[in-house]
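Take a look at the model below.

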Amino acid sequence: MKIESLINNPEYTQKFALEKFICYFLGLTREDMRTQSNQELTSDQENQIITAYKSYVIDKKPIEYVLWFVEFFGTKFHVNGDTLIPRPETEYMITAVTEFCQENQKSDSILLDVWTGCGVLGCSVLMQNPAAFKTVFLSDYSQEALIVAKHNYDKLIDASKYDTYFIYSDLVAYLENYTDLVQNKDIVLVANLPYIPEKTHDDNNPESVKKREPRMAFVWWDDGLIYYRRMFNQIFQNKQDWIITGEVVMFLEMMTRQVALLVEEFGEKIQFEEVKTFHFNIRILKAILR
């Protein structure tokens, strides 16, 4: 079968996905696929493409889980069903961190990637700012996710440049065990914690997301802010106990209406600034501990 015959087959209605699988398994760009549409597929290639297509259409597997990678900030990251698929809006957080690092020009700060998932935030920050940090912590509540994060870190980052720790922990509760490393150091924290209220998730996300991506990485009930509140309180306690003594700057993602709630609750202790906007309902915050 030729490429064009497969694309034109009316049995395969999800053309975008079909073409993506063709490009992946044949190692072609989309332009190559069009200019080489007369190319004959081997039986193995045809089976790979159709199997992947059925996983996407019938099994409701996101394309990223079918292919085992997602592109984020120009880099391929391995993902699987134990990790959330990073979204384009989160790339704005990396831009915000980079702008901050360029303004401050420090070389011995600590990077905390909280709820790291596949490690996309921590790795991307380091790739964009390789000289800004000395110590790196990537933490998650999921040991399976930490395995994926370490795989990506080992593949993408020159580990010899940093003291790196992969921590199974409730947010930043582990910091009390690393007092000698943390004291007198400035901290940059990146976190995209679950902030989607349950009803919003169930009413608006496609079936592939609800069925396949880890629900606990998206959803928290009520106003969606319980994990941010818990993390802030852990940081306050660490500051009170003289574990954290340097500057703490956090970069966070959430919905617009949630920003006002946090400002009302924590404005006396944290200075909040909206630094990036993806669309009307998603904000990237810079939050500085006062």
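Leaving aside its neighbours within four places in sequence, which residues is Q234 in contact with? They are D170, L171, V172 and A173. Keep in mind that this is a predicted model.

Q234 sits in helix α12, which covers residues 226–240. Is Q234 buried or exposed? Q234 is buried, because its relative accessible area is 14% and buried means under 20%. Its side chain also makes polar contacts with the backbone. The side chain of Q234 reaches the backbone oxygen of D170 at 3.3 Å. A polar atom of that side chain lies 2.9 Å from the backbone nitrogen of V172. D170 and V172 are both among the contacts of Q234 listed above.

**T116 in a loop**

Now turn to T116. T116 lies in the loop between strand β3 (109–114) and helix α7 (120–128). T116 counts as buried, because its relative accessibility is 4%. Which residues does T116 contact, apart from neighbours within four places in sequence? The list is L138, S139, D140, L146 and A149.

**Cysteines**

How many disulfides does the structure hold? The number is zero. C118 is one cysteine in no disulfide. The nearest cysteine sulfur to that of C118 belongs to C123, 8.0 Å away. C118 is buried, with a relative accessible area of 2%. C101 is buried as well, with a value of 10%.

| Residue | Relative accessible area |
|---|---|
| Q234 | 14% |
| C101 | 10% |
| T116 | 4% |
| C118 | 2% |

**Space inside**

Rolling a probe the size of a water molecule over the atoms shows where empty space is left. In this structure there are two cavities of 30 Å³ or more. The second largest cavity holds about 100 Å³ of space. It is lined by 14 residues, and those closest to its centre are F100, N104, K106, S109 and V188.

Which elements supply at least two residues each to this lining? They are α6 (91–104), β6 (187–191) and β7 (248–255). Helix α6 gives the most, with three residues.

Note on methods:
Residues numbered from 1 in each chain as written. Predicted model: local features only at pLDDT ≥ 70, side-chain atom pairs only at ≥ 80, totals over all residues. Heavy atoms only, no water. Disulfide = S-S within 2.5 Å. Buried < 20%, exposed > 50% of the residue type's maximum accessible area, 1.4 Å probe, protein only. 1 Å grid on protein atoms, 1.4 Å probe; cavity = no way out; pocket = protein on both sides within 12 Å on 5 of 7 lines; lining within 4 Å. Points joined across faces, edges and corners; volume = space filled by probe spheres on them. Helix = DSSP H or I, 4+ residues; strand = E, 2+ residues; numbered from the N terminus. Polar contact = N/O pair within 3.5 Å; in protein donor to acceptor, adjacent residues only side chain to side chain. Contact = heavy atoms within 4.5 Å.
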